Amino acid sequence: MSDKAIRKIVIVGGGTAGWMTAAPLALKLGPTCEIVLVESPEIGTVGVGESTLPTITYYNHALGIDSGEFVRRTKATFKLGIDFVDWGHLGNRFFHGFGDYGPPIENRPAFMAWQRLARDVKDLPPYEEWSLTATMAHANRFVPPHGEAQSPTNAYSYAFQFDAGLYALYLREYATARGVQRIEGTVGEVEQHPETGFITAVKLADGRRVEGDLFVDCTGFRGLLIEGVYQAGYEDWSAMLPCNSAQAVPSALADVKTPYTRSTAKSAGWQWRIPLQHRNGNGHVYCDGFMSDEEAGRVLLDGLDTAPLDTPRQLRFTTGRRRKSWIKNCVAIGLSSGFLEPLESTSINIIELAVGWLVQFFPDRDCSPELADEFNRLVTQRYEYVRDFIVLHYKLTSRTDSEFWRYCAAMPVSDALQHQIDMFRATGHVAIYDLQGFQVDSHAAIMLGNGLRPERCDQIIERMDPRSLLEHFQKVHATIRQVVGAMPDHGAFLAQVAGTA
Ligand code: FAD
């Protein structure tokens, strides 16, 4: 090991981000590096991140976590996607699943053929009936994909819905078993090198000093190090994503644990329902400029399927991102680096990516600015991609029933997103610029689901015989129904995995 090697990492913050950072660092750096995590007994965690993307399965797999144990310990359920209700217009419903909408045709996504047929075929079943994940979700069935990835009945993935507090505890056990030292204390002061400006130690309120070579800021919205010490600055995206408040409440266990998250659009935002093994998680995300907190609480409680188990908890946020997430020897991960509302369950995914990039570009004690630049470029790109994808849901609305929705329909969006919408409307093609995240089918699900219909069709598909296309779809449709009909119920499969059957 070079004499410049980092010998001690200090993670400040023990929420989901802190422990999701500690676990892989402990695994990768093990005995060659001391890792300390400081968490405050006085300052709580956000603790409501419960719905995830399929990448959580890769993260857990990389740590060698057994999925049965994970499901048991975090009270997890399986997730195939998100059911959107009242988005686009009141009474509308569509599914954004983790999978393709049927096998590609002539290398074109299947939705293009559906568009072609929709023009001529009367009573064509809706687009999402070609979707395996939507069919599974609506029938409340679940098995993980297996066998050949490209088979029409296997081209999907899945994520988990889980108790974020239990997950952080589980990772804490994992990390401390691998040598991470946990210190309870509240950081008050930060010491810096007088010449380089690098952080040299954090001082706890009780006077203890914790020295280190690299500091990871996982202190949540406050960004104690990245903002408090380095004034990184915050890019505020409220004009495009005006929601700035949420109220969250658990409710009683439902009879049916759906293998999906539900998002219902409300008059000044939207409400989530996330089924776990022991309860439902619920929350109402809204903009306090368009609805009072009192009314938002009422809307939340009125929208519950089952009895509330507590009084709603108030949360505030400003959508946006830290201008830089890595400065000198300080790397911000989690809410300290930015926040996008949980409409597509992306925060934990961004933590996974950021931790992966930190491991990939792990520095020595000089912390080359080139590494920081690359990390910041990737994080910025990711936040911008996700922001545009979330804004797409709002921008395409035809709802005019409230001031909030009229604002969303008229608000300016980024050039990249405007291009996406214009291109789909004019040609039926999706502009793909997010290679690591939401792909063509995801964009098509949101655009078609919100009622955007292209003016033209793909020109290769256009030349195909519509009768053979229809026959092809009918076959796929029949196979999907048959395969899904033979799948176990989600609850039964869950009980089997969790060992409670
Ligand atoms: P926090 O949970 O705020 O943790 C901060 C930690 O820092 C705490 O341990 C605290 O004690 C410590 N700390 C702070 N100051 C100090 C100090 N001075 N000294 C010592 N320690 C300190 N994400 C998803 O992926 N899916 C979802 O469905 C989802 N839903 C969400 C809904 C809402 C309404 C919100 C607000 C967020 C949601 N998220 C979701 C995001 C998710 O909750 C967060 O990304 C995740 O919990 C990470 O939070 P964190 O660890 O960065 O911060």
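Reader: In which sense do E12 and strand E18 pair, and over how many bridges?
Author: The model is a predicted one. Strand E18 covers residues 320-322. Glu 235 stands opposite Arg 321 in E18. The pairing of E12 with E18 is antiparallel, over three bridges.

Reader: Which strands stand at the edges of that sheet?
Author: The sheet is open and has three strands, in the order E12-E18-E21. Its pairing is antiparallel. Two of its strands have a single partner strand each, so one side of each is left without a neighbour in the sheet. These edge strands are E12 (234-236) and E21 (338-339).

Reader: How many bridges join strand E1 to strand E2?
Author: E1 spans residues 8-12 and E2 spans residues 34-39. The two run parallel. Lys 8 stands opposite Glu 34 in E2. The number of bridges is five.

Reader: Which strands does E13 pair with?
Author: One partner covers residues 280-286, and seven antiparallel bridges join it to E13 (residues 245-251). In that pair, Ser 251 stands opposite Asn 280. Another partner covers residues 313-316 and is antiparallel to E13 over four bridges, with Ser 245 opposite Arg 316. The partners include E16 and E17.

Reader: Is helix H5 largely enclosed or open, and what covers its buried residues?
Author: Six of the eight residues of H5 (residues 132-139) are buried, so the helix is largely enclosed by the rest of the structure. The buried ones are Leu 132, Thr 133, Ala 134, Thr 135, Met 136 and Ala 137. The cover includes strand E4 (81-85), strand E5 (93-97) and helix H14 (466-485).

Reader: Which residue just after H5 takes a positive phi?
Author: H5 covers residues 132-139. The phi value just after H5 is about 60°. The residue is Asn 140.

Reader: At what angle do the axes of H4 and H14 cross?
Author: Ala 113, Arg 116, Leu 117 and Asp 120 in H4 meet Pro 466, Leu 469, Leu 470 and Phe 473 in H14. The contact residues divide into six nonpolar, no polar and two charged. The crossing is left-handed. The axes come within 10 Å and cross at roughly 115°.

Reader: Which residues touch the most other members of the largest nonpolar core?
Author: This core holds 134 residues. Its largest share, 10 residues, comes from helix H9 (residues 369-395). Leaving aside neighbours within four places in sequence, Ile 333 is in contact with Ala 17, Thr 21, Val 216, Cys 218, Ile 351, Ala 354 and Val 355. The residues asked for are Val 12, Ala 22, Cys 330 and Ile 333.

Reader: Why does Glu 106 count as exposed?
Author: Glu 106 lies in the loop between E5 and helix H4 (110-120). Its phi is positive, near 50°. Glu 106 counts as exposed because its C-beta neighbours inside 10 Å number 11.

Reader: Where is Lys 328 found, and how many other C-beta atoms lie within 10 Å?
Author: Lys 328 has a positive phi near 50°. The residue is found in the loop between E19 and strand E20 (330-332). Lys 328 is partly exposed, and the count is 18.

Reader: What separates the C-alpha atoms of Asp 401 and Leu 90?
Author: Asp 401 lies in the loop between H9 and helix H10 (403-410). The residue is exposed, with 12 other C-beta atoms within 10 Å. Leaving aside neighbours within four places in sequence, Asp 401 is in contact with Leu 90 and Ser 267. Asp 401 and Leu 90 are 311 residues apart along the chain, and their C-alpha separation is 8.9 Å.

Conventions
Residues are numbered from 1 along each chain as its sequence is written. This is a predicted model: local features need pLDDT of at least 70, side-chain atom pairs count only at pLDDT 80 or more; totals for chains, interfaces and linings use all residues. A residue is buried if 20 or more other C-beta atoms lie within 10 Å of its own, exposed if 12 or fewer, and partly exposed in between; C-beta atoms are placed from the backbone. Two residues are in contact if their C-beta atoms, placed from the backbone, lie within 7 Å. Two strands pair if DSSP finds at least two bridges between them. A nonpolar core is a set of buried Ala, Val, Leu, Ile, Met, Phe, Trp, Tyr and Cys residues joined through C-beta atoms within 7 Å. Axes are lines fitted to C-alpha atoms, for helices over the stretch in contact, and angles run from 0 to 180 degrees between N-to-C directions. A crossing is left-handed if the near helix is turned anticlockwise from the far one by less than a right angle, and right-handed if clockwise. Ala, Val, Leu, Ile, Met, Phe, Trp, Tyr, Cys and Pro count as nonpolar, Asp, Glu, Lys and Arg as charged, and the others, Gly among them, as polar.
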